[in-house]
Amino acid sequence: MSENGLDLSGQVLHQPDLSDATLVEPDLRGLRVVGAFVGGLEVWPFAGRFDGPVRVDGVDVTAFVEAELDRRYPERAAVRQAQDDGTVAQLTAAWTAVRIGWAGTLERLEQASPEVREQRVRGEWSAAQTLRHLVAAVDIWIGRMLAEVEAPFHPLGLLPEDYRLEGSRALGLDPLGSAPWPAVRTAFEDAGRRVDAALGDLTDADLGTSRTGLPAPDWGPETRTARQCVAVVLREHVAHRRYLERDLATLLG
């Protein structure tokens, strides 16, 4: 929990009014909600994964939700199967599935108005910001960690919003700036080609080898295997496409 967080763990709250509230990154594990009015309730678990069963009126809905997400976003299953002990071929197949999913989303964005591509929904990143963030994710996990390039950052990259502004600028990034859509899309596609190249250079023997470095200076050093570096990039692309499709449904209907 952050220093500004509210710790209600273990407490019993009688008739709290949470109507139309938004909880950002809450810990809801073990939460019981009894006698609730739940019309319009939305829950978006981190990365679309549950840490345990989720029950509604005693009915475990976990498997149903996960199966429906896999139906809508079939790349989820491919990434899940490859990320723990998959071969280079399996990781490549998962990445191909990710790229196929993104191709459809990008086509919708190309047909949308410039305002739609720049608009934020409920404080979430816009489409352009989402693509910029994924550029940064590739720079971090493929460039900096996997390839051990000291300064891999594309200037349009966008780190998480809680990353220090001064820290981003020290890396040559401008989180407060904007860029024309064609430049953002080009940067995104170039980042995808860097993932292609990295997968083409890896062997199965490489996947278990470790890298220790600073993904981004403010985060401190981390040690990840080559497989884990690739898996982070795949998961980021899967999660952020889901979020973007959610917001496009609001913007476009």
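I looked up L146 and, leaving aside its neighbours within four places in sequence, I found W141, A198, L202, R211, A226, C229 and V230 in contact with L146, where contact means heavy atoms within 4.5 Å. The model is predicted, so I kept in mind that local features need pLDDT of at least 70, that side-chain atom pairs count only at pLDDT 80 or more, and that totals for chains, interfaces and linings use all residues. Residues are numbered from 1 along each chain as its sequence is written, and side-chain values use heavy atoms, with hydrogens and water left out.

Next I turned to the largest nonpolar core, which has 51 residues, and noted W102, I142, L146 and V230 as those with the most contacts inside it. Such a core is a set of buried Ala, Val, Leu, Ile, Met, Phe, Trp, Tyr and Cys residues joined through side-chain atoms within 4.5 Å; buried means under 20% relative accessible area, exposed over 50%, and partly exposed in between, with a 1.4 Å probe and protein chains only. The largest share of this core, 12 residues, comes from α5 (helices are DSSP runs of H or I with at least four residues, strands runs of E with at least two, numbered from the N terminus).

Then I searched the whole structure for aromatic pairs and found 2. Rings of Phe, Tyr and Trp (its six-membered ring) pair if their centres lie within 6.5 Å, and planes under 30 degrees apart count as stacked, over 60 as edge-to-face and the rest as tilted. The W102 and F188 rings have centres 5.1 Å apart and planes at 55°, so this pair is tilted.
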